[in-house]
Amino acid sequence: MGVVKGVEKIRISISRPSSKMKVWMIRATTSVLLWTCVVQLTTIGEMWGPRVLKGWPSQSASAALQENVPSLPARVLPPKRVYKNNGYLMVSCNGGLNQMRAAICDMVAIARYLNVTLIVPELDKTSFWADPSEFQDIFDVEHFITSLRDEVRVLKELPSRLKQRVERGMTYTMPPVSWSDISYYYNQILPLILKYKVVHLNKTDARLANNHQPLELQKLRCRVNFFALRFTTQIEQLGKRVIRLLRQNGPFLVLHLRYEMDMLAFSGCTQGCNDEEVEELTRMRYAYPWWKEKIINSDLKRKDGLCPLTPEETALTLRALDIDPNMQIYVAAGEIYGGDRRMASLAASYPKLVRKETLLEPSDLRFFQNHSSQMAALDYLVALESDIFVPTYDGNMAKVVEGHRRYFSSKQLLLFYRRFLGFKKTILLDRRLLVDLIDRYTNGSLTWDEFSYYVKESHADRMGGPTKRLVILDRPKEEDYFYSNPEECLQSSEDPLSST
């Protein structure tokens, strides 16, 4: 019996450490696997996929983890594409933030197709907004360069010998033809690059056609737009803060109320303005020589649906669409022309009307003052994350945000969101129809119920869902913009960023 008991004690003493060892091994293996997955997912997310993982874990969590765990390996960069460099392409973008954003995507695609080196684009500093921001003040320039290295070589500046030639005026500068096919760049621009080594394109807005381009080129435009053009850390962090403040109070709608002085002067739309304001807007239109249209009939333009909705028209439209009066409305815009007087009806209908200036302290925005493109970048980030996005005019921000939201809604990574919460709506207002309905309601020929019914009925299929891009041969200005509906990149079954 004593021997048996001794043997049992030995078995127990052996089995206990063995069990502990198994548990320890399981835990260690699990930890290694988890960290491997995190590293891989973070790398893939940074390089290719939507930035769902960007910013995870939080800064505080990262700090805590770094104290207890060895540092993670550096992000794996895509391999450099090796090609014979045909020369250098310099570009000067023109317009506001989102016009320049689309142009940068086009210029990257063109540089890739021509096998040239792209110099980091120069941003517009001479337009109405007079924003002195450089590329690196708005976008993460290092990420832009490295994330595209498997497609095209991008440099911050020309090599010194060529830079000296440019400084002496020994370069070829020209504006490319608008809405050109990529063959134009191959047949007309590439020979100039081969001859002069450096070509400077001094206009970039809408210089590449929307349709009938190689699929690889279209997908590269998407890749640049959705992943290579990442805002600076400062802008991204402040944008996330605004979104967090809004989310604390529930769902929110972003209203891109394009009713600023420059838009009204440029378009000649003066609905609701007094005589003094009409005169001021007219003077401004004549002051800018590159605004070619000077004599404008505001009433006719409005009836054709070519004017941004006024704040008063917007309030009626949102109410007619049954937007909850308790919904937070974030106004993504600059200073509204006419101020509180013009915003009164909208504020009365939707008391939870906010802007970045009301959500944040003045100190939070001090570095963004007098930098309209950086302010617009904040609005862009909030608009992307909104539950509902409503642009009152189909300008560049409206179109680019629409396309960006379409892309995110199409991805498999959002299946959970789509299954339980539905698509994030982008309400594309039919302004021509709306102004007619509004006029009929205000003159008493429609009751409120009739007005609301017609508004809802006419916009039932204008919620930013999947659709084919409208193509109009020889009339590119009238067809759907590539960046508002990049349908070549919306197939969720395949990687839209793979351009090879």
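This report describes the sheets, helix packing and selected residues of one protein model.

## Basis and overall make-up

The structure is a predicted model, in which local features need pLDDT of at least 70, side-chain atom pairs count only at pLDDT 80 or more, and totals for chains, interfaces and linings use all residues. Residues are numbered from 1 along each chain as its sequence is written, and side-chain values use heavy atoms, with hydrogens and water left out.

The secondary structure of the protein comes to 20 helices and 10 strands, where helices (H or I, at least four residues) and strands (E, at least two) are DSSP runs numbered from the N terminus. Of the 500 residues in the protein, 47% are buried; here buried means under 20% relative accessible area, exposed means over 50%, and partly exposed lies in between, with a 1.4 Å probe and protein chains only. Among contacts with a separation of 6 or more, 78% are made by residues 24 or more positions apart, a contact being heavy atoms within 4.5 Å.

Strands of a sheet pair through backbone hydrogen bonds, either parallel or antiparallel.

Strand S5 (residues 198–201) runs parallel to strand S1 (residues 88–91), and 4 bridges join them; Tyr-88 stands opposite Val-198, while Val-91 stands opposite Leu-201. S5 also pairs with S4 in the parallel sense, over 3 bridges, and here Tyr-172 stands opposite Val-199. Within S5, Val-198 and His-200 point one way, Val-199 and Leu-201 point the other way, and all are buried.

## The sheet containing S6 to S10

Another open sheet is formed by 5 strands in the order S8-S7-S6-S9-S10, and its pairing is parallel. Strand S8 (353–354) and strand S10 (425–426) stand at its edges with a single partner strand each, so one side of each is left without a neighbour in the sheet.

Strand S6 (residues 252–256) and strand S7 (residues 328–331) run parallel and are joined by 4 bridges, with Leu-253 of S6 having Ile-329 as its bridge partner in S7. Helix H17 (residues 396–410) lies across S6, strand S9 (388–391) and S10, and runs at about 155° to S9.

## Helix packing

Two packed helices are described by the angle between their axes and the distance between the axes. Axes are lines fitted to C-alpha atoms, for helices over the stretch in contact, and angles run from 0 to 180 degrees between N-to-C directions. Helix H9 (residues 233–247) and helix H16 (residues 372–385) pack at an angle of about 45°, with their axes 9 Å apart. That angle makes H9 oblique to H16, given that angles under 35 degrees count as roughly parallel, over 145 as roughly antiparallel, 65 to 115 as roughly perpendicular and the rest as oblique. Their crossing is right-handed, a crossing being right-handed if the near helix is turned clockwise from the far one by less than a right angle, and left-handed if anticlockwise. The contact includes Leu-238, Val-242 and Leu-246 of H9 and Leu-378, Leu-381 and Val-382 of H16. By class, its residues divide into 9 nonpolar, 2 polar and 3 charged, where Ala, Val, Leu, Ile, Met, Phe, Trp, Tyr, Cys and Pro count as nonpolar, Asp, Glu, Lys and Arg as charged, and the others, Gly among them, as polar.

Helix H13 (residues 311–320) and helix H14 (residues 339–349) have axes that come within 7 Å and cross at roughly 20°, and these two helices are therefore roughly parallel to each other. H13 passes H14 in a left-handed crossing. Among the residues making this contact are Ala-315 and Leu-318 of H13 and Met-343 and Leu-346 of H14, and the contact has 5 nonpolar, 2 polar and 3 charged residues.

## Individual residues

Ser-373 is found in helix H16 and is buried, with a relative accessible area of 7%. Leaving aside residues up to four places away in sequence, Ser-373 touches Leu-97, Met-100, Asp-131 and Ile-138.

Asn-115, in the loop between helix H3 (97–114) and strand S2 (117–119), has a phi near 55°, a positive value in a residue other than glycine. Asn-115 is partly exposed, with a relative accessible area of 23%. Asp-474 has a phi near 65°, also positive in a residue other than glycine; Asp-474 lies in the segment after helix H20 (448–458) and is exposed, with a relative accessible area of 79%.

Notes. Two strands pair if DSSP finds at least two bridges between them.
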